[in-house]
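Thanks for coming, everyone. Let me put the structure up on the screen, and then we will walk through it piece by piece.

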2 protein chains.
Amino acid sequence: MNKETQRHQRRMQRHKAVVDAAVARATEERGLILVLTGNGKGKSSSGFGMVARALGHGLKIGVVQFIKGRFSTGEEAFFRRFPEEVQYHVMGTGFTWETQDKDKDIAATEATWTKAEALLNDPDIALVLLDELNIVLKHSYLQIERVLETLAKRPPQQHVVITGRAAPQALIDVADTVTEMNGVKHAFQIGIKAQKGIEL
Amino acid sequence: MNKETQRHQRRMQRHKAVVDAAVARATEERGLILVLTGNGKGKSSSGFGMVARALGHGLKIGVVQFIKGRFSTGEEAFFRRFPEEVQYHVMGTGFTWETQDKDKDIAATEATWTKAEALLNDPDIALVLLDELNIVLKHSYLQIERVLETLAKRPPQQHVVITGRAAPQALIDVADTVTEMNGVKHAFQIGIKAQKGIEL
């Protein structure tokens with residue numbers, strides 16, 4: 001074994017000791033609240049990646065998509081193929097600038113939140129994705145207090161993933177894992193269409 | 001219609017005009033390079049969300065997981081259920097601090113990159129996910145020049161998603177969309193285990 005190889009091995013042994021100690025300290029298992037926020041691309045897709053991951057473990061999942069849904073998306077088409085494992089609800093009214101009707105938006109949010117509440121009360125559901133929930137909170141179409149109360153009372157092993165830009169601080173405070181996704185650059189800004197498999 | 005309702009409607013009409021103009025400007029359709037980097041949770045899961053989205057559109061996909069793979073993950077178990085649509089390759093040697101063997105890591109990277117090259121040459125593959133590629137680039141197990149050259153020559157409509165912390169600047173320069181995922185907090189830091197459906 002040459003010197004560089006030995007150095008690499010020693011460095012990696014030290015690194016492994018640090019990693020192993022951190023893994024040994026991380027013993028708690030419970031349902032997590034994950035918040036994916038910021039203005040960059042990747043929040044909803046990350047939530048859907050966790051849905052796929054959970055499906056790989058044979059878990060049951062609930063998906064509630066707020067705001068989105070005038071047109072069917074790739075994720076909806078795909079995950080609706082697993083009705084036994086995935087309960088899928090879409091608010092379906094489209095963006096606020098499409099409805100242009102606050103009362104209609106609030107009524108649709110209310111009806112959609114009722115679906116979310118049912119999932120957040122169901123101990124058979126291992127993971128609930130509340131896609132773009134932060135947007136309806138930002139517009140005050142739903143009160144954060146109701147959300148926090150429902151999250152606090154949910155089954156203890158249930159994970160909840162909440163996406164959307166501008167997550168309220170009160171939600172960040174109760175979350176276990178929070179990622180802020182910052183858009184360094186975005187193809188749309190340079191005139192490239194939203195494309196199938198990427199944004200749609 | 002009351003005053004507040006009218007105000008909301010006018011505000012949303014103005015917003016819609018801005019959005020519509022941006023959508024009208026975004027006319028180009030071509031394969032994108034997306035880079036998901038930063039130290040926060042969500043990079044790989046976002047890549048896998050795009051895989052799910054692409055499957056929803058009936059597209060064919062290639063997945064190459066660098067680094068990871070001593071144990072099978074939820075995403076691997078799930079996406080291997082679709083062998084007609086998803087070509088799935090895992091480097092399978094585990095993390096650098098597990099192998100503790102640089103030569104072995106380099107040889108494994110080389111073999112895995114060969115799989116990636118085949119996908120990046122195949123016009124039938126609409127989306128290629130190169131999960132944790134940034135890590136092997138960071139360790140110089142693979143030269144960035146080879147990656148850039150292969151990306152430049154790929155089929156023009158093919159999308160490529162590259163994940164991993166510490167993306168090299170040269171890759172960011174050629175990418176169309178770049179998100180930096182910053183970990184505001186992470187459950188692991190407060191002693192919570194990596195959990196099925198979330199990290200695994």
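Let's start at one loop. Ala166(B) sits in the loop between strand 5 (159–163) and helix 8 (169–174) of chain B. A word on those names: helices (H or I, at least four residues) and strands (E, at least two) are DSSP runs, numbered from the N terminus. The phi of Ala166(B) is near 60°, a positive value in a residue other than glycine. Ala166(B) has a relative accessible area of 41%, so it is partly exposed. The cut-offs are these: buried means under 20% relative accessible area, exposed means over 50%, and partly exposed is in between, with a 1.4 Å probe and protein chains only.

Some ground rules. This is a predicted model, where local features need pLDDT of at least 70 and side-chain atom pairs count only at pLDDT 80 or more, while totals for chains, interfaces and linings use all residues. Residues are numbered from 1 along each chain as its sequence is written, chains are lettered from A and ligands numbered from 1 in the order in which they are written, and side-chain values use heavy atoms, with hydrogens and water left out.

Now go to chain A. Ala166(A) is in the loop between strand 5 (159–163) and helix 8 (169–174) of chain A. Ala166(A) is not a glycine, yet it has a positive phi of about 60°. Its relative accessible area is 40%, so Ala166(A) is partly exposed.

How many helices and strands does chain A have? Eight helices and six strands. From the N terminus on, the order is α-β-α-β-α-β-α-α-β-α-α-β-α-β. The C-alpha trace of chain A spans about 70 × 45 × 35 Å along its principal axes. Chain A has 200 residues, and 53% of them count as buried. Then contacts, meaning heavy atoms within 4.5 Å. Take those in chain A with a separation of 6 or more: residues 24 or more positions apart account for 78% of them.

One buried example is Met181(A). Its place is strand 6 (residues 177–185) of chain A. Met181(A) is at 0% relative accessibility, so it counts as buried. Met181(A) and Ala126(A) are 55 residues apart in sequence, and their C-alpha atoms are 25 Å apart in space.

Next, helix packing. Two packed helices are described by the angle between their axes and the distance between the axes. Axes are lines fitted to C-alpha atoms, for helices over the stretch in contact, and angles run from 0 to 180 degrees between N-to-C directions. Under 35 degrees counts as roughly parallel, over 145 as roughly antiparallel, 65 to 115 as roughly perpendicular, and the rest as oblique.

First pair: helix 5 (residues 102–120) and helix 7 (residues 144–152), both of chain A. They pack at about 15°, with axes 10 Å apart. Helix 5 of chain A and helix 7 of chain A are therefore roughly parallel. On the helix 5 side of chain A, Glu110(A), Trp113(A), Glu117(A) and Leu120(A) meet Arg146(A), Val147(A), Thr150(A) and Leu151(A) of helix 7.

Second pair, across the chains. Helix 2 (residues 43–56) of chain A packs with helix 2 of chain B at about 80°, with axes 6 Å apart. That makes helix 2 of chain A roughly perpendicular to helix 2 of chain B. Residues in this contact include Phe48(A) and Met50(A) from chain A, and Phe48(B) and Met50(B) from chain B.

Last topic: aromatic rings. Rings of Phe, Tyr and Trp (its six-membered ring) pair if their centres lie within 6.5 Å; planes under 30 degrees apart are stacked, over 60 edge-to-face, and the rest tilted. The count comes to twelve aromatic pairs over all chains. In one of them, the rings of Phe78(A) and Phe82(B) have centres 5.6 Å apart and planes at 65°, so the pair is edge-to-face. Phe78(A) lies in helix 3 (residues 74–79) of chain A and Phe82(B) in the loop between helix 3 (74–79) and strand 3 (86–90) of chain B, so the pair joins two chains. Phe78(A) and Phe82(B) are both buried.

Then Phe48(B) and Phe79(B): ring centres 5.8 Å apart, planes at 15°, so the pair is stacked. Both of these residues, Phe48(B) and Phe79(B), are buried. One aromatic cluster includes Phe48(A), Tyr88(A), Phe48(B) and Tyr88(B).
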